[in-house]
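Dear colleague,

Please find below the structure that I am handing over to you, followed by an account of what was found in it.

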Amino acid sequence: MAAINDVAAYILQACGPMSAMKLQKLCYYAYGYHLAWEERPLFPERFEAWANGPVSPRLYRCHRGRFQLNAGDIPGDPAALDEGEQESVDMVLAGLGGYTAHQLSTMTHNEAPWVNARKRAGAVLLERSSEELLDEEIFEFFDALTAANADGEEEV
């Protein structure tokens with residue numbers, strides 16, 4: 001199993017420069033879709049329900065204080081992803097890679113895993129929270145998204 005740093009390094013290698021916030025959200029969506037498609041976590045690290053959406057504290061420590069990230073800025077090994085992990089990340093990048101950081105963040109604010117974690121924490125708008133998003137809720141949400149696809153193919 002890859003680590004979140006490996007996935008982040010893979011995304012930066014594939015897409016080029018992006019904001020730290022966008023990288024966080026793409027890692028989250030890759031995690032969620034991979035969990036639904038493969039029925040296994042993409043990496044062991046967890047996400048917390050921060051004010052701007054799901055954030056991995058481990059990944060955050062790698063880019064803290066930086067807005068823009070380039071390939072090589074996150075210490076990770078893109079080659080550490082197995083074929084299924086690469087496929088999941090590639091599908092997420094194809095479907096969501098063109099969205100802005102703000103668009104991705106706004107999307108997460110309307111989705112059950114982040115909303116439920118914020119409720120558990122009792123966190124109001126813009127308030128800090130370290131409440132973890134639960135894998136069960138992430139799986140349920142993303143599994144429902146993939147099942148709702150009308151043509152039966154897994155799309156992002």
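The expected span of a helix is taken as 1.5 Å times one less than its number of residues. Please note that this is a predicted model. Helix H4, residues 83–96, has 14 residues and reaches 20 Å from its first C-alpha to its last, close to the 20 Å expected.

At the start of H4, the backbone nitrogen of Gly84 has a side-chain oxygen of Asp82 within 3.0 Å. Gly84 is also one of the buried residues of H4, together with Glu85, Ser88, Val89, Val92, Leu93 and Leu96. These buried residues pack against three helices: H1 (4–15), H2 (20–38) and H5 (101–108).

Glu85 may be of interest to you. Its relative accessibility is 1%, so Glu85 counts as buried, the cut-off being under 20%. Apart from neighbours within four places in sequence, Glu85 contacts Met1, Ala2, His34, Arg40, Leu42 and Ala80.

The other finding concerns helix H2, which also packs with helix H7 (residues 135–147). The axes of H2 and H7 are 8 Å apart, at an angle of about 75°. The two helices, H2 and H7, are therefore roughly perpendicular to each other. On the H2 side, the contact is made by Tyr28, Tyr29, Tyr31, Gly32, Tyr33, Leu35, Ala36 and Trp37. On the H7 side, these meet Asp135, Ile138, Phe139, Phe142, Asp143, Leu145 and Thr146. Of the residues in the contact of H2 with H7, eleven are nonpolar, two polar and two charged.

With kind regards

Methods:
Residues numbered from 1 in each chain as written. Predicted model: local features only at pLDDT ≥ 70, side-chain atom pairs only at ≥ 80, totals over all residues. Heavy atoms only, no water. Helix = DSSP H or I, 4+ residues; strand = E, 2+ residues; numbered from the N terminus. Buried < 20%, exposed > 50% of the residue type's maximum accessible area, 1.4 Å probe, protein only. Contact = heavy atoms within 4.5 Å. Polar contact = N/O pair within 3.5 Å; in protein donor to acceptor, adjacent residues only side chain to side chain. Axes fitted to C-alpha atoms, helices over the stretch in contact; angles between N-to-C directions. Parallel < 35°, antiparallel > 145°, perpendicular 65-115°, else oblique. Nonpolar A, V, L, I, M, F, W, Y, C, P; charged D, E, K, R; others polar.
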